[in-house]
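Hello,

Here is the structure I said I would pass on.

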Amino acid sequence: MASVNSLSASIQQRVADALGADPLLRRSDRADFQANGVLGLAKRNKQNPRELAAQVVEALPAGDELIAAVEVSGPGFLNITVSDAAITRTLAARAADGRLGVPVKPEPGTTVIDYAQPNVAKEMHVGHLRSSVIGDALVKILEFEGETVIRRHHIGDWGTQFGMLIQYLVEHPHELDHGASEAGEEAGEASMSRLNRLYKASRTVFDSDEEFKTRSRKRVVDLQAGDPETLAMWQRFVDESKIYFNSVYDKLDIEIRDEDVVGESGYNDMLVETCKLLEESGVAVRSNGALCVFFDDVKGKDGEPVPLIVQKADGGFGYAATDLSAIRDRTADLHADTLLYVVDSRQALHFKMVFETAKRAGWLTDEVTALHIPFGTLLGKDGKPYKTRSGETFRLVDLLDEAVERAATVIREKSSELTDEEVADRAKEVGIGAIKYADLSTSLGRDYVFDLDRMVSLNGDTSVYLQYAYARNRSILRKAGDAKPVAHPELPLAPAERALGLLLDEFAETLAGVSETYEPHKLASYLYALASAYTTFFDQCPVLKAETPELRENRLFLCDLTARTLRQGMALLGIRTPERL
Ligand code: ARG
């Protein structure tokens, strides 16, 4: 497990030594890299920048193994070309490492990620897609970098709505009984349809029968008081819903572990104390009976302050009390130093107020970073939030099924030799990958148009394009027979080989950037650039028919490292890379 110095880090160091200041290196299309740091230093020292640049060129070691050429350009930029040998050597070091030279954080911290938070007794809809997909990618990326990650699925499993459901179940005890042989996906669907049926039936009675309404309200009180029979009934709803959630997450190819599901109810025991602490410290005050926190900069349209309500006038605790208690748990008990919330951007104000309150209360200190990672809305082709024709929100499973179906069509057209079973297997990997990739390749805050035709297209910035690049690559490696991938630093590189090589070397830095800003789309666009560079290489540089055995080995080496980098990168996004397509 050796981390590898990237070419840019090595050059940065080399030029910094010669310049005595930060060279401000970046990739450039004029040469491989450009250093702009001469300008600033010359200005500070009142020197002529072109002269200073020339001195730096002089000061760089001659006959360098790393740098093939340096030129002064413009007002004093340095255009730097890396030697072919250095590229191949650096890549060989990456290839020799199981982690492709990606370093493990020297001092990992603990991050709690709050994501994939569906609501009990309710359908999962498109809104739950993004939180799940983005959260899962962040978990994987941060864990890969060595961070200790604690996953929290803050499911909506508590609230007054359960009074009605539980009361109905008490009066109709067989409504959640299971059929004889329910398994897998069907079990999930069966659970959801039972829950839906029960919800509708109880709603109807609730709306028409005053006495049932009264009994339901009494149930809420029993539930909050922890009455064992009521709690047992409530648990049945949670268990039933989990069967459904798990079936949807299976389909989404996202692992949800039972121990990580700590829903709103998980903080019940803390709510009273949370309120007490807030009130005693004066962070929260009573206003019309409710316990509220006020903010100078949060006002409604009428100019009146909009408070965060921690406890309602009737004594009931709201969403805020739960989130504040969860912060106490995550900092004091789980010892997290970073808290991430992958939640819809519409909840931005809620989190702003919750974080600010937790700071005032001393639960969030300077040592802890709390971040809302907001994401935008899925839009239809008309640019409005994605809804069915009758204006209802889409069920998440329906979207997933449709993506898999479309993928099957694409695969059948492209690969006629596959059996029906093979098509069905690949279609899952391609269809679900397409949905995840479309989501992850969009920068987080943005809304995006949910367009399945585009998502499963073979051309353009799609997961299918990446998966095909991977599969084609693997097929070359299979056909290579006895020829092995071997790096040959002594060989000069063609332009397409250099371009591919320089990109391959950027994998570790790309990941570091992603985990610094929590933006998976940077990884997605890197992988797309890599697959595109590979496609160009593949078109311009014969691999199996290369002129010499050494050249063939070196090109196979580039193929192999590309495949490994694509596979690792896609895996971090939660997307499969089938070996054959
Ligand atoms: N269950 C909520 C929803 O479906 C999201 C929960 C977000 N997480 C949190 N800690 N508040 O909108």
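Below is what was found, from the whole chain down to single residues.

**Overall**

Please keep in mind that this is a predicted model. The protein has 581 residues, and 52% of them count as buried. It has 20 helices and 13 strands. Along the principal axes, its C-alpha atoms fill a box of roughly 90 × 65 × 45 Å. Among contacts with a separation of 6 or more, 74% are between residues 24 or more positions apart.

**The cores**

The largest nonpolar core has 147 residues. Phe-237, Phe-450 and Leu-523 have the most contacts inside it. What does Phe-237 touch, leaving aside its neighbours within four places in sequence? The contacts are Val-120, Ala-121, Phe-162, Leu-165, Ile-166, Leu-169, Leu-176, Leu-195 and Leu-198. There is also a second, separate core of 30 residues. Leu-271, Cys-275, Ala-321 and Tyr-341 are among its members. As general background, nonpolar side chains in soluble globular proteins tend to be buried together.

**Helix 5 against helix 14**

Helix 5 covers residues 126-144, and helix 14 covers residues 420-440. Their axes come within 10 Å and cross at roughly 85°. That angle makes helix 5 roughly perpendicular to helix 14. On the helix 5 side, the contact uses Leu-129, Arg-130, Val-133, Ile-134 and Ala-137. They meet Ile-435, Lys-436, Asp-439 and Leu-440 in helix 14. By type, the residues of this contact are 6 nonpolar, 3 charged and no polar.

**Helix 18**

Which residues of helix 18 (residues 507-517) are buried? They are Phe-507, Ala-508, Thr-510, Leu-511, Val-514 and Ser-515. These residues cover an arc of only 160° around the axis, so they sit on the same side of helix 18. The general rule behind such a pattern is that an α-helix has 3.6 residues a turn, so residues three or four places apart point the same way. Helix 5 returns here, as part of what covers the buried residues of helix 18. The cover also includes helix 4 (84-95), helix 17 (495-504), helix 19 (521-540) and helix 20 (549-572). Just after helix 18, Tyr-518 takes a positive phi of about 55°.

Thr-338 is in strand 10 (residues 338-344). Is Thr-338 buried or exposed? Its relative accessibility is 11%, so it counts as buried.

Next is Asn-473, in helix 16 (residues 463-479). Asn-473 is buried, with a relative accessible area of 0%. With residues up to four places away left out, Asn-473 touches Tyr-534, Cys-559, Asp-560, Thr-562 and Ala-563.

Asp-366 and Ile-67 are 299 residues apart along the chain, and their C-alpha atoms are separated by 43 Å.

Best wishes

How values were computed. Residues numbered from 1 in each chain as written. Predicted model: local features only at pLDDT ≥ 70, side-chain atom pairs only at ≥ 80, totals over all residues. Heavy atoms only, no water. Core = buried A, V, L, I, M, F, W, Y, C linked by side-chain atoms within 4.5 Å. Buried < 20%, exposed > 50% of the residue type's maximum accessible area, 1.4 Å probe, protein only. Contact = heavy atoms within 4.5 Å. Axes fitted to C-alpha atoms, helices over the stretch in contact; angles between N-to-C directions. Helix = DSSP H or I, 4+ residues; strand = E, 2+ residues; numbered from the N terminus. Parallel < 35°, antiparallel > 145°, perpendicular 65-115°, else oblique. Nonpolar A, V, L, I, M, F, W, Y, C, P; charged D, E, K, R; others polar. Arc of directions from axis to C-beta.
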